Amino acid sequence: MASINPSHSTISVESPAPTPEYKSSAGTGATKNHVVVDVVLRVMLFATALVAIIVMVTSKQTKLIPVAPGMALPIAAKFNQTPAFIYYVVALSVACFYSIITGLLSVLALMKPTGVSTKMMFHFAILDALLLGVMASATGAAGGIGYIGYKGNNHTRWNKICNVYGTFCAHIAGSLTVSLLPSIALLLLVWVSVFALSKKIARG
């Protein structure tokens with residue numbers, strides 16, 4: 001009777017299984033890229049908001065306004081004479097302060113091997129969306145007052161002032177134009193955070 005050698009009937013195959021390790025490194029690389037984009041956008045948010053503040057607060061202009069025949073008084077136009085402009089400057093100041101704090105947190109997360117956590121991404125997305133709403137409302141309020149100053153309103157008998165305070169209105173228009181960039185930066189930050197969160201959820 002023939003005998004079968006057991007050593008030839010058992011085959012042991014070992015796989016190195018490098019797949020989990022590869023997925024982990026790919027996920028970390030994607031997270032690092034997200035944090036780099038996040039830092040760049042927060043620097044953009046800080047720089048543009050700061051420029052918009054400086055242009056607005058330096059918008060003071062004094063003109064001689066006739067108040068009686070042969071009499072004119074120097075009357076100054078300042079941003080802090082209008083509540084909408086004050087709200088606008090406060091909103092930009094909050095955006096500057098917020099960008100400094102969150103930018104530093106993003107840089108610290110970039111230095112960590114694991115990158116930014118899912119919890120921090122979620123908090124950033126919520127706060128960025130909240131600040132975007134504040135910035136949009138402040139820009140809209142200031143823009144509405146600026147339009148009245150430029151065009152006036154015949155129905156309510158509100159006279160335009162930009163034909164008199166040309167430099168003041170030019171500063172207001174310049175600041176409002178620059179302030180669109182912080183809003184765009186915040187919108188992109190929300191999109192980037194939501195995209196990164198969706199990738200983390202898909203991998204999980």
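This is a predicted model: local features need pLDDT of at least 70, side-chain atom pairs count only at pLDDT 80 or more; totals for chains, interfaces and linings use all residues.
Residues are numbered from 1 along each chain as its sequence is written, and side-chain values use heavy atoms, with hydrogens and water left out.

**Cysteines.** I found one disulfide in the structure. The sulfur atoms of C162 and C169 lie 2.0 Å apart. I then asked for burial (buried is under 20% relative accessible area, exposed over 50%, partly exposed in between, with a 1.4 Å probe and protein chains only). C162 is buried at 14%, and C169 is buried at 13%. I also looked up C96, which is buried at 8%.

**Helix α5.** Helices are DSSP runs of H or I with at least four residues, numbered from the N terminus. Helix α5 covers residues 166-178, which is 13 residues. Its buried residues are F168, C169, I172, S175 and L176. Seen down the axis of α5, these fall within an arc of 125° (taken from the directions from the helix axis to the C-beta atoms), so they line one face of the helix.

**A charge and a ring.** I recorded the charged end of R42 over the ring of F124, 4.5 Å from its centre. The cut-offs are NZ of Lys or CZ of Arg within 6 Å of the ring centre and within 35 degrees of the ring normal.

Notes. A disulfide is a pair of cysteine sulfur atoms within 2.5 Å. Helices (H or I, at least four residues) and strands (E, at least two) are DSSP runs, numbered from the N terminus. The expected span of a helix is 1.5 Å times one less than its number of residues.
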